[in-house]
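My notebook is open, and I am going to go through this one contact by contact. Here is what I looked up, in the order I wrote it down.

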Amino acid sequence: MPEIKVTPLGAGQDVGRSCILVSIGGKNIMLDCGMHMGYNDDRRFPDFSYVTQNGRLTDFLDCVIISHFHLDHCGALPYMSEMVGYDGPIYMTHPTKAICPILLEDFRKITVDKKGETNFFTSQMIKDCMKKVVPLNLHQTVQVDDELEIKAYYAGHVLGAAMVYIKVGSESVVYTGDYNMTPDRHLGAAWIDKCRPDILISESTYATTIRDSKRCRERDFLKKVHESIERGGKVLIPVFALGRAQELCILLETFWERMNLKAPIYFSTGMTEKANHYYKLFITWTNQKIRKTFVQRNMFEFKHIKAFDRSYADNPGPMVVFATPGMLHAGQSLQIFKKWAGNEKNMVIMPGYCVQGTIGHKILNGQRKLEMEGRATLDVKLQVEYMSFSAHADAKGIMQLIRMAEPRNMLLVHGEAAKMEFLKGKIEQEFSIDCYMPANGETVTVKTNPSVPVDMSVNLLKREMALGGPLPDPKKPRSMHGTLIMKESSLKLVSSEQALKELGLNEHQLRFTCRVPLQDPHSDSETLHRIYTHLKSLLKGYTIQHLPDGTVMVESIVIKVSSSAEDANAKILLLSWSYQDEDLGSFLSSVLKKGLPKM
Amino acid sequence: MDGDCVSLLPRVCDVLAAPRSSLPDDTSLEKLLDWFTTFSKSGVSLLEVNPCLQGFISTVVSSRAAESSIISFALKLTGLVAAAEDGFRALQANSVLDLAFNPQHWREDGLWDDPCVRIGWIQGFSTMLQHRQAFSFFVQADSIKPLLQLQTDTSLFVASAASQMLAHVLMLSHPLLSGFNGKEVDDKSSSSSITGLMRPAVIEADQDVAAVVTEILEYLKTRMLPKESSQLHQSQQILKLLALILSQAGPSLRDKLLLFLREPLEELVALNYSQLTRPLMDVILAAYSSIRGDEKVPDPILCHLLSVMLNQRKPFDRIHAAAAFLCSGHDNQIHMAQSACILLLPMEIITGLTLLEGNSTVKEHRLLMMEQLQSKISCISMICISLKHIPKITLMAPDCRPCPPAVVVAAVLALLRLCRGLSPPSLNGCVAVFRNVTGSGKVQKCALEALSALSSSSEVSVMLVEVFTLLIEYLNHPDSDPTMLQKSYQALVQWIGVCSNLSSITNQLKEDLTQVVRKRACDMRWEVRDSTVEFLGHLAGLPACRTEVGGACNAAEYLLGGCCVTTPLLVEALHDPESYVRASAVSALAQTMTHSWQEGVVPTKEQAEIVTQLLEMLSQDTEGFARRAVLQYFITWFSSHPSCTSSPLLMQSVRSVLLQGSADLDWEVKVHTLDLAELLMDQAFLGQHGYTKGLESHPAQPHPYAATAKQAYTLTQRSDLLCALDGLVKQGLLSVLLSGLFDCDRPVGLKACRLLIRLKHVLLLKTQDESDAVKTDPRLYCELLSQGWAQEIRNVLGTEDRSNETDPHTVTVNVCNLVTSLDLEERLDVLTRSSDHFYNSPRSLLQDILTASAAHAQQDSQLKEEVIVDCY
């Protein structure tokens, strides 16, 4: 029985880095190739030696598909393609392809800033990797090779994020990547066809959460920023160059406009222009509202947000600054934080998750005294706020997607084990399908029952109709008899006569024979007659003849009797039948093996 | 161990041992273990310094409520503690080890089902096996049985760790194996195991140990053969283990293993399972790898196995086996030649060229191979394997290789033509197979790569024209995807690079190349434009080649008609919408110009215009890649010019570059700006006393008793130094260094700090004995603004600066005072460390664990928003 195998190398019962191997119809596909920012050594990347040893990735993998530009989904890609060595096709959407290098460069900067980092890639490697990428359009079926096809669907989450439908023959898998089922300020909601995949591999970050409306969080965010500005404080928002930053920029820009606020808003990295350029370029990937208003006013052309110069940090008065990197690892965001941390009027808003080993992580956990160079400590007096703006489907959203796609099996990744366990129970209960949640390194094998499409000859169909059967109906399957011809890669069911003709073969009759020993104290002719009588009483409605040549015929089955030379009572019955009567022949031999009824 | 850490650890242990403990993130436990491992490797007893660990292990191991991740951590820690004999004894005294390493204990609570507990068990146990008692414990606990079971575990990670531990156990106990003479210890296996742990000093022979070894070997022997096809996975795992053992074993163990496992191995090889070809070859090659130079004849069992593998019925498996053997590079000429023939066979069939004339072994396989090549999937796969390995065949000794390298090149070219339909299939070739490769991108990419690699084979230069012709056709073809075009360019550069004589390239070919490069430079796809621009750069960087008139010429000039074609294309590419292409264009321009720079040729008007454009790019380009490339351009120019000061255009540009580069937002542009500043300093100060070129830290101290004519030296050099400094200040160098010093990006600050220290040394050594008049020389002063980094410097300097009379916002400072007041050495010390050295330290980790636990408790009581691990 064919099967699909899924092995997470990352994102199996964790949210560290996504890297999932799928084997389907003899094809091997890698879904996402992420990195874990919490490690400084090789452990940050998936261990590709488990895929195949000695760097034979190109021979093993048929393709790599990247769902979106977040580093926990694409951060290991240049390492894999340029350092481990993978030369095959890599698929991602157009926006992901454009934005990915920016974030990879952002990450490279962090690694250079830290000392003792090993195995980081160069800019040239990022570029060479990107040159191998084949861009995907939404809803366009891409033929990877003769058998494997993929199709991208809108996933929300971030600009360019896609879910992907993978099909080999009649087997299929959908991988969601990260997705969001509710539209936000600049992106729409995820959507997929009722494609009924054999497995739906879904993220489950918020597996047990029903998230409050994003509007509430946005209101809260604006309120906090406004209060801080009103009391003359400075607000620092550490962000990664692209993604959440743009969402928050739209939010502040609109608010500033509405409230007629004068305090400056700065974006520190010099990436505003570039980031916004991509949002403008890929306007079709944003939500309906942004697309509609685009003609009158492009939401990404910010009036209030200006480029930041490091000298502004010392300027008196309130201001809002977006600075990279997002976890206060190093660089500009950290430098500004150090300057502003001592003033309780100031505020830092962390709009996302921070890994251990960063200042962002420490302050989110409530640490108020931070160790600095030269045995100094930094008193964190400024207000620290955490507001998750990440756009993931919550428990309700995940169930909604299952209803949309109607999968035969469900597989959860990108979540915590305990939360997955809870959702798994709910899914199995509500949809009566199997739900899996493999740990990293564990393989889930799902048996599939693929339907193989077969062409049918018109003659055979006409003959079937002539027999008075109902008209063909896809909802009412029924069995048909004919000869299956495999020609090149197509299958065709035809009548046996047509098959002989098409294949240029001669017809041969095939007969089966068998010998049945029987103890019967009568002459051979009497025994034969007894057989005739016995069968006549047993088989109503069959043509049974006792022929003068000493045989009994039941349809095409011929029965003869002979006795052994040593023992006249020991008879040997010879049965012979054509292959069309195989069932009846087998039945008769089993009947006669039991002996004849006593007189 | 840091005293603070020791004091924090007991509380951390309490937090971790508590049920439902909350951790900072999923990396914390591994990082904690890293720290313990480092500590334990330094030779100090973990338990002695941290007695709380014993209580922690004991609590977790006997707890019914501990989470599997904590149990896994505790098991690994147990192994680490018990790896030292005192730790082992202490844990054994409390029966902790019996409990921790008893799988049944974990099974009772269903925890064994969690792969992380099984991993913890294996890794803990494996780490512990450092001494005799630990090994005896392993033997007596009969732990070999669960370990063998784990070798075919459902988790890849568990199975792999179990295999590694089994190999480790076998290496430890092999000298005791019955019939294995203890004196006959292999050098290789006695050194260290795969886990990097040292083998126990002494392990006494006893029956139990021998039983363990026997059990492993029996396991290998009995489980190797699959009874049905569903057991193939198990056989694969066994073969992986065997390969792992053989790769670590010395000759003695190897020979005995092969002898012991001969029967199942031979049977397995004969069974012809395709799925086992690769693992079987790994076993054979691992055994081969342990053959030492002094062993003249390889093991006959090994030879036999290899022969069978190379004569398998299924062509697909045979070609895999041949590829694996060829890759291993062993000095076994018979099998090497055979492998070469196997790999060339599909090429011969498909192209119809004679590559294997009169080879009898191949004839037997030909029909089967032809049949297999009819299937599209296996055809493409086999051709690709063949292409990947044929360059190695051409490097074989002439008497060993089946045909001359030029014929192989011809075959690859023929294949590439067939793929594109550029030539009809040969009558000798198989037409059905031809259909399979037509249009296959995979085959074409492999073939182009093979063609590139074949350029370094001997006797192939005769094929240059043919290669050239085909590659131009490929570059021209509308069906070529960006990767194919990139590979075609790469192949072209490779061939031009190795062929010193390009006289055979006809004018028509040169014209064709020029046309196609022009066409591809304006391709719609940025990837293609970038590869084209990169090609032009690589071509310019190639060494001079010989031409038909016998002279030497630059390849780019000879093939593309020189700068009149290349430069306009590259200048055009400076305006490309894609920043990668703009950056490549700048780099290619630098490569194109290098020759004229080296000769000190006066820049033409066109070159001056390029410089203007580049400076414009530096100030206006929105992307870092392009701006970085501009900096690199000026660095190359500066470093390749014989006398920079004689080129006013260069010196003028350098000032603008320094000014703009140091104010850039991209950290790499700033680092490159400092690289350029370093070149300026080298030029200005080289030869000055106290200045050392390129030495990153402190300059060499003069010998204390060295006799130096200080007076004369100072007199002759003083004025030069001040002039040089004055020149540098005017160029803006000091601003670049000072602004870099206060930059938020560590590499920028570090580079600037190192350069300032060098400046400081040269200045101080010169001025320390000078008169006051010299010290107050106006050339030793510079001006600072009151904003940004300058303000930071003013803060550091305090009141010692003096305000400028004309501009109150500007202060004038003495450079000598400045460089001494900045406390550069201390700053260097800080900058040399990782930017996260505080926050990624063990102490920080311990604090984070404690804070996370407190925060978790607070969240529970105040219902604060939970920080959910999501994405970045």
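This is a predicted model: local features need pLDDT of at least 70, side-chain atom pairs count only at pLDDT 80 or more; totals for chains, interfaces and linings use all residues.

**Entry 1: a loop asparagine**

I started with Asn332(B), which sits in the loop between helix H19 (315-328) and helix H20 (333-351) of chain B. Helices here are DSSP runs of H or I with at least four residues, strands are E runs of at least two, and both are numbered from the N terminus. Residues are numbered from 1 along each chain as its sequence is written, chains are lettered from A and ligands numbered from 1 in the order in which they are written, and side-chain values use heavy atoms, with hydrogens and water left out.

Is Asn332(B) buried or exposed? I found it buried, because its relative accessible area is 11% (buried is under 20%, exposed over 50%, partly exposed in between; 1.4 Å probe, protein chains only). Its side chain makes a polar contact with the side chain of His335(B) at 2.9 Å. I take a polar contact as a pair of N or O atoms within 3.5 Å; within protein, one must be able to donate a hydrogen and the other to accept it, and residues adjacent in sequence count only if both atoms are side-chain atoms. Leaving aside neighbours within four places in sequence, Asn332(B) touches Tyr288(B), Leu306(B) and Phe325(B) (contact: heavy atoms within 4.5 Å).

**Entry 2: salt bridges**

I counted 68 salt bridges over all chains, each a side-chain nitrogen of Lys or Arg within 4 Å of a carboxyl oxygen of Asp or Glu. Asp743(B) and Lys670(B) meet in one of them, at 2.7 Å from N to O. Asp743(B) is in the loop between helix H38 (733-741) and helix H39 (746-767) of chain B and Lys670(B) in helix H36 (residues 667-685) of chain B, so the pair ties together parts 73 residues apart in sequence. Asp743(B) counts as buried at 10% relative accessibility, and Lys670(B) counts as buried at 8%.

Next I looked at Glu678(B) and Lys751(B), whose side chains form a salt bridge at 2.7 Å, N to O. Here Glu678(B) of helix H36 is linked with Lys751(B) of helix H39, 73 residues apart. Glu678(B) is buried, and so is Lys751(B).

**Entry 3: where the chains meet**

How many residues of chain A are in contact with chain B? I noted 88, against 73 residues of chain B. The area buried between the two chains is about 7300 Å², with carbon and sulfur atoms giving 47%; buried area is the accessible area (1.4 Å probe) that two parts lose on being put together, summed over both. On the chain A side, Lys131(A), Tyr353(A) and Gln356(A) lose the most area to chain B, together 11% of what that side buries.

Between chain A and chain B I counted 16 salt bridges, including the one from Asp745(B) to Lys109(A) at 3.4 Å, N to O. I also logged 32 residue pairs in polar contact between the chains, both residues at pLDDT 80 or more.
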